[in-house]
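Reader: I am new to this one. May I put some questions to you while we look?

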Amino acid sequence: MINAIITIAGMAALFGLLLGYSAIRFRVEGDPIADQVDALLPQTQCGQCSFAGCRPYAEAIAAGEAEINRCPPGGEATMIALAELLGRDPVPLEDEQAADKPKSVAYIVEDECIGCTLCIQACPVDAIMGAAKQMHTVLTDECTGCELCLPPCPVECIHMHPLEDTPQTWRWPFPRHAASGAGHG
Amino acid sequence: MAEQKSPWRFHGGLHLDHHKAESNTTPVRAIPLPPRLTLPMQQHIGQPAEPVVRVGDTVDKGQTIAHAVDYVSATIHAPTSGRVVEIAKQAVPHPSGLQDLCIVIEPDGEERWTELPEPWPDYTAIEDADLRERIRWAGIVGLGGAAFPTAVKVNTSGRRAIDTLVINAAECEPYITCDDRLMREQAPDVIDGIAILMHLVGARECLIGIEDNKPEAADALRAEIARREAREIRVVVVPSVYPSGGEKQLIKLLTGKEVPSQGIPSAIGIVCQNVATAVAVADAILRGRPLIDRVVTVTGRGVAKPGNFRVPIGTPAAFVIEQAGGYSDEIFQLILGGPMMGFSLHDDRVPVTKAGNCLLAASREEAPGIDDERPCIRCGQCVTVCPVQLLPQQLFWYAQAHDFDKVQDYHLFDCIECGCCAHVCPAHIPLVHYYRYAKTEIWAQERERYKSDLARRRHEARLARTARLEAERKARLRQKKEALEKKPAGASKDPKKAAIEAAMKRVAAKKAAQQASRENTGTETASEAKD
């Protein structure tokens, strides 16, 4: 009897020490769930979720402080991926109109630009080139289409251009007759 | 040499009606120059070429008009002399029907050649890198239809040594006969090209795989090999089972070896090139000529006089059809490529590109069926014919459910889109269409992921920079503050007041001195005043 108690107590102490040690030794820096959520977000950094970028929103989701339906650029696909990751129920998007917008990039009408640098300061991904009193231009490949540069522009010379399909980015459409075939087991 | 037949087989495949006789009985014909040549910047796999000419420039035949910008890219040359009239988006031969950047040349009819690089008849004395550079300069891509830049494919340095060069002369798709005619008429050029390619990749032997429905072409090649006593090159006849001309299928047929899933043939010591590509290589090395034309089969019941034509790259499809006597009454659909793997052209004014081996003017019966799709009955016929041993019905199932992870688990990217499964499907399901849909969706997702990773990195870099600048600003302010606090206590007195006092003292001293010198008396008063 005594032996059993000593053995069990000894093992409990041993495993307790082991766990305590590994908690310190193998500590994971940062929040792995926030990282996973952040990986699913589109990184537009547009702030439409009311957070100051994708990372803060991911941290809020991971902490359970925010709903998963507040990312219009990600659309339904992102919401569903988040629901799957976190084991939550899918919820309808907060702003469906914003989600239906075609993907666009900013374009600066260079003749109208006065070189005020306000848009450069607003761009979350440094996708606008220019200097004070010099004409600015958008690096199209880097632009995420967040529209954050539109409000600061004093002369409204920034327009959003929808991205057009090229033969290189074109996708085969889903086969036409599929609707009739789907659903049959 | 005795006729050599391949002892190996690949899984599945189909016996199709050949339909070769319609177009392979007459020699390759040259065609006149069209009024305009449209050269797309993307005729190959890889990065689009970048124009190096401007609108209004006069170009010579064979002059480089667009540079390969990346390692995997291809140079483009002017197919004839003339004037550049437009550099803009034009309709291109692509299943999307979208436009892409093209250079449009109006021929002047002079056929004035540019200065070409020197021919290298003794190519064995030339460095490998220079030979590859010449092939790259010539803008040669795989002419079997895939259009992968040849200079990249023959660069075997740093990889496994190559034992075998496989020459793809199977031409397995029905109707197409351009390689057949090329071999019959240019057998010496074919063997020249093979010798250069063997030298370049360091292959010990060469196997030419040719289907048994092209005996004349096989004979022509054998005669040329016998004449040169080139024992290391062998013609191997393979049965006419579609798709024997698939790269991995042909390698299996000729060597019995299988290329690993998602791998390339060089992983097992093999390089595979199309027979027309070999001729283009011979042209580039032995004659210093770039790739500016190709043989195109024009066939089908929808065209009056089927045959093969040597077509300058960039010639509109409609112009080529005219040279073949124009459309007949039976025309139903114009297909670029063969009936199995080709696609329907939205517009017959699109140009023939380097990859364009066949224009099939199909009648209603010849065109691929467009019957209504019915539910899959799980008969498994697609599994028995799949030459890659995939499970087409499972791929279909998950592609239909948009489950792109699962569809990749079933090796979607090993699918060669040969169309065997869709051909035998009793439910008329456009299976290949589903696979293409899934592939392009997956690629689009990958592009999105790449873009979002880029945006994340740039955003984080920006945050780090703003944080650093803010910290630097604060540090500067703190330093200033500290510097002020360190100054001696006397300095805390108002400096303006001190300056005024000092000035007053100076003025008073001056006055006193003046008074003293003027009166020379009352020194006491003066000294009092000074105090």
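Reader: Is Asp126(A) buried, partly exposed or exposed?
Author: This is a predicted model, so the answer rests on computed positions. Asp126(A) lies in the loop between helix 6 (118–122) and strand 2 (128–129) of chain A. Around it, 14 other C-beta atoms lie within 10 Å. A buried residue needs 20 or more, and an exposed one has 12 or fewer. With 14, Asp126(A) is therefore partly exposed.

Reader: What is the phi of Asp126(A)?
Author: Asp126(A) is not a glycine.

Reader: Where does Glu417(B) lie, and is it buried, partly exposed or exposed?
Author: Glu417(B) lies in the loop between helix 11 (404–409) and helix 12 (420–424) of chain B. Glu417(B) is not a glycine, yet has a positive phi of about 55 degrees. Its C-beta neighbours inside 10 Å number 17, so Glu417(B) counts as partly exposed.

Reader: Is Val279(B) buried or exposed?
Author: Val279(B) sits in helix 7 (residues 275–287) of chain B. The cut-off for a buried residue is 20 or more C-beta atoms within 10 Å. Val279(B) has 27 such neighbours, so it counts as buried.

Reader: Which residues does Val279(B) touch, leaving out those up to four places away in sequence?
Author: Tyr434(B) is 36 Å away from Val279(B), C-alpha to C-alpha, and 155 residues apart in sequence. The residues that Val279(B) touches are Leu182(B), Gln186(B), Asp189(B), Val190(B) and Gly193(B).

Reader: In what order do the four strands of the open sheet in chain B run?
Author: The pairing in this sheet is antiparallel. Strand 3 (37–40) and strand 5 (58–59) of chain B each pair on one side only, as edge strands. Strand 8 (residues 82–91) and strand 9 (residues 99–107) of chain B pair over nine bridges. The order is 3-9-8-5.

Reader: Which residue in strand 9 of chain B is the bridge partner of Ala91(B)?
Author: Strand 9 of chain B covers residues 99–107. The partner of Ala91(B) there is Gln99(B).

Reader: Which peptide bond is cis, with omega near -5 degrees?
Author: Look in the loop between strand 12 (233–238) and helix 6 (247–255) of chain B, where Pro243(B) lies. The cis bond runs from Tyr242(B) to Pro243(B).

Reader: How far apart are the C-alpha centres of domain 1 and domain 3 of chain B?
Author: Chain B is divided into domain 1 (4–336), domain 2 (375–483) and domain 3 (497–530). Between the centres of domain 1 and domain 3 the distance is 109 Å.

Terms used. Residues are numbered from 1 along each chain as its sequence is written. Chains are lettered from A and ligands numbered from 1 in the order in which they are written. This is a predicted model: local features need pLDDT of at least 70, side-chain atom pairs count only at pLDDT 80 or more; totals for chains, interfaces and linings use all residues. Two strands pair if DSSP finds at least two bridges between them. Helices (H or I, at least four residues) and strands (E, at least two) are DSSP runs, numbered from the N terminus. Two residues are in contact if their C-beta atoms, placed from the backbone, lie within 7 Å. Domain bounds come from an automatic or database domain assignment.
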